[in-house]
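Here is a short tour of a protein model with two chains. Keep the 3D view open as you read.

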Amino acid sequence: MSDSRIRDLRTPLARARGLGSAKSGTEHFWWQRVTAIVLVLLVPWLVWLLVSLAGADLDTARAVIAKPWNAILLAIFAVAMFWHAKLGIQVVIEDYVHTRALEVASQLLVTLACVVGAFASLYAIARIAVS
Amino acid sequence: MANRERPLSPHLQVYAWQITMTMSIMHRTTGIVLAVGAFGLAWWLLAIAMGGDSYAHFSACLASPFGKLVLFGFTASLVYHLFNGIRHLLWDAGRGFDIPAVYRSGYTVWALTAIVTAAIWFFALRGGA
């Protein structure tokens with residue numbers, strides 16, 4: 001500590017975070033796996049639910065979705081699905097879109113579309129559940 | 001600046017075909033398909049929430065031959081991405097990395113995709129889709 005020469009221009013906080021110029025670490029990898037595990041658990045249930053509703057009329061579909069656990073799991077599924085989709089498409093764009101402006105624009109568009117998709121799903125589930 | 005043709009480093013064409021590369025490309029392709037399908041699920045939920053004409057329109061789209069074909073594509077993509085995703089998660093856990101295991105799990109994923117997709121459609125069509 002008595003040595004006052006500057007050896008590292010980073011702030012102590014930046015050094016503790018240890019992220020460097022990429023500004024992020026394992027978050028993308030981690031949340032892709034977390035949402036993947038949620039989806040692995042829920043996809044069989046969702047497929048079963050959709051198959052059981054094949055050719056169902058509106059009232060039946062509403063009654064099934066309005067059941068508490070179905071509504072809750074559908075809401076979790078919708079969030080995990082759009083989050084996982086966003087993380088996946090982000091990497092596809094990073095890999096193939098090499099024009100910076102187009103890349104930023106597509107990333108923004110995908111993020112916004114997935115947010116809209118997730119909120120629209122949650123709104124629809126809530127509306128079915130309380131109707 | 002000289003604008004002449006520069007030699008490029010070898011790309012995909014120098015490799016012999018292997019099941020692993022096809023499965024990797026399929027994982028990404030089905031992922032893109034499913035990202036589109038996610039909005040189909042949102043559309044389904046909204047159609048049910050709105051009811052009336054919205055649901056009638058949605059049902060009509062789904063019941064048409066083209067709608068059924070698209071839905072079959074989504075089903076197959078979902079099943080493939082699910083099983084291959086589990087394969088990826090096992091790799092992340094450090095399992096099944098030796099070459100014979102990678103091939104075995106690859107063919108297993110293809111077989112399961114065919115069987116489970118067929119089973120889903122058997123039950124869906126029997127249920128009145």
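What percentage of the 129 residues of chain B count as buried? The figure is 21%. A residue is buried if 20 or more other C-beta atoms lie within 10 Å of its own, exposed if 12 or fewer, and partly exposed in between, with C-beta atoms placed from the backbone. In chain A, buried residues make up 18% of 131 residues.

This is a predicted model, in which local features need pLDDT of at least 70, side-chain atom pairs count only at pLDDT 80 or more, and totals for chains, interfaces and linings use all residues. Residues are numbered from 1 along each chain as its sequence is written, while chains are lettered from A and ligands numbered from 1 in the order in which they are written.

**Confidence**

The pLDDT is the predictor's confidence in each residue, from 0 to 100. Chain B has a mean pLDDT of 92, and 96% of its residues reach 70 or more. Within chain B, confidence is lowest in helix H2 (residues 52–63), at a mean of 90. It is highest in helix H3 (residues 65–92) of chain B, at 97. The model scores ipTM 0.88 and pTM 0.88.

**The two chains**

Chain A has five helices and zero strands. Chain B has four helices and zero strands. Helices (H or I, at least four residues) and strands (E, at least two) are DSSP runs, numbered from the N terminus.

The radius of gyration is taken over C-alpha atoms, and the globule rule is 2.2 Å times the number of residues to the power 0.38. For chain B, a compact globule of 129 residues would have a radius near 14 Å, but the chain has 20 Å. The table gives the spans of both chains.

| Chain | Span of the C-alpha trace along its principal axes |
|---|---|
| Chain A | about 75 × 40 × 25 Å |
| Chain B | about 60 × 50 × 25 Å |

Two residues are in contact if their C-beta atoms, placed from the backbone, lie within 7 Å. Take the contacts in chain B between residues at least 6 apart in sequence: 73% join residues at least 24 apart. For chain A, 71% of the contacts with a separation of 6 or more are between residues 24 or more positions apart.

**Two long-span helices**

The expected span of a helix is 1.5 Å times one less than its number of residues. Helix H4 (residues 68–96) of chain A has 29 residues and reaches 42 Å from its first C-alpha to its last, close to the 42 Å expected. Its buried residues include Leu74(A), Phe77(A) and Met81(A). The buried residues of H4(A) pack against helices H2, H3 and H5 of chain A, together with helix H1 of chain B.

H1(B) has 32 residues and should span 46 Å; its end C-alpha atoms are 45 Å apart, which agrees. Just after H1(B), Gly51(B) takes a positive phi of about 70°.

**Where the chains meet**

The contact takes 27 residues from chain A and 27 residues from chain B. H2(A) gives the most to the side of chain A that touches chain B, with eight residues.

Ile120(B) lies in helix H4 (residues 99–126) of chain B. Is Ile120(B) buried or exposed? Ile120(B) is buried, because 20 other C-beta atoms lie within 10 Å. Leaving aside neighbours within four places in sequence, Ile120(B) is in contact with Val47(A), Val51(A) and Thr75(B).
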